[in-house]
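Please look over the sequence and the fold shown below before reading on. The paragraphs after them are meant to be read with the model open.

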Amino acid sequence: MIKLIASDLDGTIVDNKHSIPENNLKAINELNKAHIPFAICTGKTYSISKDICKGLNANYGIFGNGSQIINLTTGEEISKKVLSLDDLKPCFSMSAKYNLHIHAYTDTSIITTKPEYMDLRNSILFPTQIKLEIVDSILDYIQKQNLSVLKLILSSSSDLSKVEEELKNITNLTITRISKTGKYKDKIIDKEYEYLDVSPLNVNKGKALETLCRYLELNKSDILSIGDNINDIDMFHASGIGAAVNNAYDEVKQVANYVTTNSVENAGFAEAIYKFIPFIQE
């Protein structure tokens, strides 16, 4: 029996128009009625995500790809990991070397020199949830303000596979490369690009889900996870069942136990819920 649902947000529950299909909301409501815990697992920080988590009545939240885990019912912070200055410096050196766009996320803000990629996207989608701080030097600003950085994003309109490999060789960080090109183009800002999501060592959705399982005294086999993006693969590996919505990246579908017939726009999330927890369906 499934005892915990862990789900990504964008592209899984929330569609490309930043709306939530009615059947997804209905499925979540039925999970709540059945007292089956529901955890949001997102690359976004808590400050960006907390309103939608509240609206979805989520019980737990994994944010920043696992840098922060929160019991949303009690407000307890279960876990938090941040990037040190020693972690940050080689990333900024790499950004300068390859002329990459870089921005940083703290608990309450996005720090950038000019919003262009994910920073622009998030500032458009969440103008009141998170503060956009535009500064001359991000690293200097972080040092002077003594800020805790949850994650960095390095972006470019070019292929970043070489940069990813080089950065992995010189750091002990978690680095995930995601392509927003072709059919995965970012429709919010109408732009194609790649980005490297940089988090502290051993921070990913899978590790965070393992931590949450220990906290809840659950087993891997108790979990159904649902997602669409590259950063959801680790979450699938930490779950008994990993379900990919139909619009998911091909790499995600390849490791999923189940791929929905429906995309996010047609409530693929709800399809996965009813497939594996059929007794909750009215």
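What follows goes through a sheet, a helix pair, a pocket and a cavity.

This is a predicted model, in which local features need pLDDT of at least 70 and side-chain atom pairs count only at pLDDT 80 or more, while totals for chains, interfaces and linings use all residues. Residues are numbered from 1 along each chain as its sequence is written, and side-chain values use heavy atoms, with hydrogens and water left out.

Helices (H or I, at least four residues) and strands (E, at least two) are DSSP runs numbered from the N terminus. Six strands form an open sheet in the order E8-E7-E6-E9-E11-E10, with mixed pairing, where two strands pair if DSSP finds at least two bridges between them. Its edges are E8 (131-134) and E10, each of which pairs on one side only, and the twist from one strand to the next averages 20°. Within this sheet E9 and E11 run antiparallel and are joined by five bridges; Leu-154 has Leu-196 in E11 as its bridge partner. Helix H4 packs on the sheet, where it touches E6 (101-105), E7 (109-112), E8, E9 and E11, and its direction makes about 45° with that of E6; contact here means heavy atoms within 4.5 Å.

Elsewhere, H1 (residues 22-33) packs with H10 (residues 268-276) at an angle of about 35°, their axes being 7 Å apart. Axes are lines fitted to C-alpha atoms, for helices over the stretch in contact, and angles run from 0 to 180 degrees between N-to-C directions. Among the residues that meet are Ile-28 and Leu-31 in H1 and Phe-269 and Ile-273 in H10, and the contact residues divide into seven nonpolar, three polar and two charged. In this count Ala, Val, Leu, Ile, Met, Phe, Trp, Tyr, Cys and Pro are nonpolar, Asp, Glu, Lys and Arg are charged, and the others, Gly among them, are polar.

The largest pocket is lined by 40 residues, with Asp-10, Arg-121, Lys-180, Asp-228 and Asn-229 nearest its centre. By class, its lining has 13 nonpolar, 11 polar and 16 charged residues. H4 gives the most to this lining, with three residues. On a 1 Å grid over the protein atoms alone, a pocket is an open set of points with protein on both sides within 12 Å along at least five of seven lines, a cavity is a set where a 1.4 Å probe fits but cannot get out, and lining residues have an atom within 4 Å of a point.

Asp-10 also lines the largest cavity, together with residues including His-18, Lys-44 and Phe-126.
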